[in-house]
Amino acid sequence: PISIAVLPAYQNKGIGKSLLCFGEKLAKEAKCKKIILEVRVSNLTAHEFYLNAGFHDNRIKKNYYTHLPEDGIEMIKEI
């Protein structure tokens, strides 16, 4: 598993997109067929970011996040 996070002061500068593209490149080189990720239901900005990157919602994972309990959205992208 890999986590991607960008500090608020550096968001909207293309850093997250670069990190995601690099991760996708590594997955392709490893001959992975898909990428699966989770995002908090309340994180509308990240959810939209992943939708724009070609991911689609797969399912809701009830109480996926335990610290500050919240459901997660599982998202998938075929590569």
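Modeller: A definition first: two strands pair if DSSP finds at least two bridges between them. Helices (H or I, at least four residues) and strands (E, at least two) are DSSP runs, numbered from the N terminus. This is a predicted model, where local features need pLDDT of at least 70, side-chain atom pairs count only at pLDDT 80 or more, and totals for chains, interfaces and linings use all residues. Residues are numbered from 1 along each chain as its sequence is written, and side-chain values use heavy atoms, with hydrogens and water left out.

Colleague: Fine. How many bridges hold β2 and β3, and in which sense do they pair?

Modeller: Six bridges, antiparallel. Ile60 has Ile73 of β3 as its bridge partner. The hairpin of β2 and β3 has four residues between the strands, and Leu68 there takes a positive phi near 55 degrees.

Colleague: And β1 with β3, how many bridges?

Modeller: Seven, again in the antiparallel sense, with β3 covering residues 70-78.

Colleague: Switching to helices. Which residues of α1 are buried?

Modeller: Gly16, Leu20, Glu24 and Ala27. Buried means under 20% relative accessible area, exposed over 50%, partly exposed in between (1.4 Å probe, protein chains only).

Colleague: What span should α1 have?

Modeller: The 15 residues of α1 (residues 15-29) should span 21 Å at 1.5 Å a residue, and the end C-alpha atoms are 21 Å apart, which agrees. The expected span is 1.5 Å times one less than the number of residues.

Colleague: Where is Ala46, and is that residue buried or exposed?

Modeller: Ala46 is in helix α2 (residues 44-52) and is buried, at 15% relative accessible area. The C-alpha atoms of Ala46 and Ala30 are separated by 25 Å, with the two residues 16 apart along the chain.

Colleague: Now the rings. How many aromatic pairs are there?

Modeller: Three. Phe49 and Tyr50 make an edge-to-face pair, 5.2 Å centre to centre with 65 degrees between the planes. Rings of Phe, Tyr and Trp (its six-membered ring) pair if their centres lie within 6.5 Å; planes under 30 degrees apart count as stacked, over 60 as edge-to-face and the rest as tilted. Phe49 is partly exposed at 30%, while Tyr50 is buried at 12%.

Colleague: What about Tyr64 and Tyr65?

Modeller: Edge-to-face too, at 4.9 Å and 85 degrees. Tyr64 is partly exposed at 35%, and Tyr65 counts as buried at 19%.

Colleague: Which residue lies over the face of Tyr65?

Modeller: Arg40, at 4.3 Å from the ring centre. The criterion is NZ of Lys or CZ of Arg within 6 Å of the ring centre and within 35 degrees of the ring normal.
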